[in-house]
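Here is a friendly tour of one protein chain. Have a look at the picture, and then we will walk through it piece by piece.

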Amino acid sequence: MKIVIMGAGGHGRVVLDILQHHPEFKVIGFLDSDKKLHGKNVDGIPVLGGFSFLSVLIKKGTRGIIIAIGDNQARADFARRIKRKYKGKIELINAIHPTATIAKNACLGKGVVVAAGAIICAHAKIGNNVVVNTGAIVEHENIIEDNVHLSPGVRLAGRVRIKKGAHIGIGSTIIEMLTIGENSIVGAGSVVIKDISSNVTAVGIPTKVIKKRR
């Protein structure tokens, strides 16, 4: 299947590396909104244009796309645009590194990135456009909703729920049976021992809410 990657930044390079482990996918190029990148190569793969160029690629037989953008809101916006404009013409694919461990009874949505060394345990549910980054641990019966980013080294104990658009910072730990609200940020290295409400930033050991977010 011919694949295009949306996003030619650092996360795009990670996703490219993952996809190159899968011979069933042929990455033909990147798309990126930064016009300065157009016509250049990223790790030997050309940056073909912006989002609008996707129409051309679909006509030429591209059937798969993955959104390789770390920012949750941007990733969600592009997913909505693809669904609205190209539904039935191109599909969001998953990029799963061969060193990741995923339980047979775990459930993954579409557009999911599971990076090297990540672990997704029994009966976990992963929504659409989720990033489970390098070495992250998603324990049993976790529910990870759409457009969440679990940064490298995140550790989620059992039955944790991460709601839509939340970002869990690098190396953070969340104890069992807690909920992180929509669009909230847990700062790097934090330890969460109680629920975090929606639209806030929380940091520290243990975490404290330091500000509200729009």
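Which strands does helix α3 lie across? Helix α3, residues 72-86, lies across β1, β5 and β6, and runs at about 155 degrees to β5.

## How to read this model

This is a predicted model, in which local features need pLDDT of at least 70 and side-chain atom pairs count only at pLDDT 80 or more, while totals for chains, interfaces and linings use all residues. Residues are numbered from 1 along each chain as its sequence is written, and side-chain values use heavy atoms, leaving out hydrogens and water.

Helices (H or I, at least four residues) and strands (E, at least two) are DSSP runs, numbered from the N terminus. Angles run from 0 to 180 degrees between N-to-C directions, with axes fitted as lines to C-alpha atoms, for helices over the stretch in contact.

## The six-stranded sheet

Six strands make an open sheet with mixed pairing, in the order β3-β4-β2-β1-β5-β6. Two strands count as paired if DSSP finds at least two bridges between them. At the edges are β3 (41-42) and β6 (91-92), each pairing on one side only. Helix α1 (residues 10-19) packs on this sheet and touches β1 (2-6), β2, β3, β4 and β5 (64-67); a contact here means heavy atoms within 4.5 Å. The direction of α1 makes about 160 degrees with that of β1.

Inside the sheet, β2 (residues 26-31) and β4 (residues 45-49) run parallel and are joined by two bridges. Leu31 has Gly49 in β4 as its bridge partner.

## Two helices, each with a buried side

Helix α3 has 15 residues and reaches 21 Å from its first C-alpha to its last, close to the expected 21 Å (1.5 Å times one less than the number of residues). Its buried residues are Asn72, Arg75, Ala76, Phe78, Ala79, Ile82 and Tyr86. They sit on the same side of α3 because they cover an arc of only 165 degrees around the axis, taking the directions from the helix axis to the C-beta atoms. On the other side of α3, Arg84 and Lys85 are exposed. Buried means under 20% relative accessible area, exposed over 50%, and partly exposed in between (1.4 Å probe, protein chains only).

Asp71 caps the N-terminal end of α3, with a side-chain oxygen 3.2 Å from the backbone nitrogen of Gln73. After α3 comes Gly88, whose phi is positive, near 85 degrees. In α1, the buried residues are His11, Gly12, Val15, Leu16, Ile18 and Leu19. Their arc of only 160 degrees around the axis puts them on the same side of α1.

## The eight-stranded sheet

A further open sheet has eight strands in the order β7-β10-β13-β16-β19-β22-β24-β25, again with mixed pairing. β7 (95-96) and β25 (208-212) stand at its edges with a single partner strand each, so one side of each has no neighbour in the sheet. Strand β24 (residues 200-203) pairs with β25 in the antiparallel sense over four bridges, and Thr201 has Lys211 in β25 as its bridge partner.

Most residues other than glycine have a negative phi, and most peptide bonds are trans. What is the peptide bond from Ile205 to Pro206, cis or trans? That bond is cis, with omega near -10 degrees, and Pro206 lies in the loop between β24 and β25.

Asp43, in the loop between β3 and β4, has a positive phi near 50 degrees. Asn183 also has a positive phi, about 60 degrees, although it is not a glycine.

Notes: A polar contact is a pair of N or O atoms within 3.5 Å; within protein, one must be able to donate a hydrogen and the other to accept it, and residues adjacent in sequence count only if both atoms are side-chain atoms.
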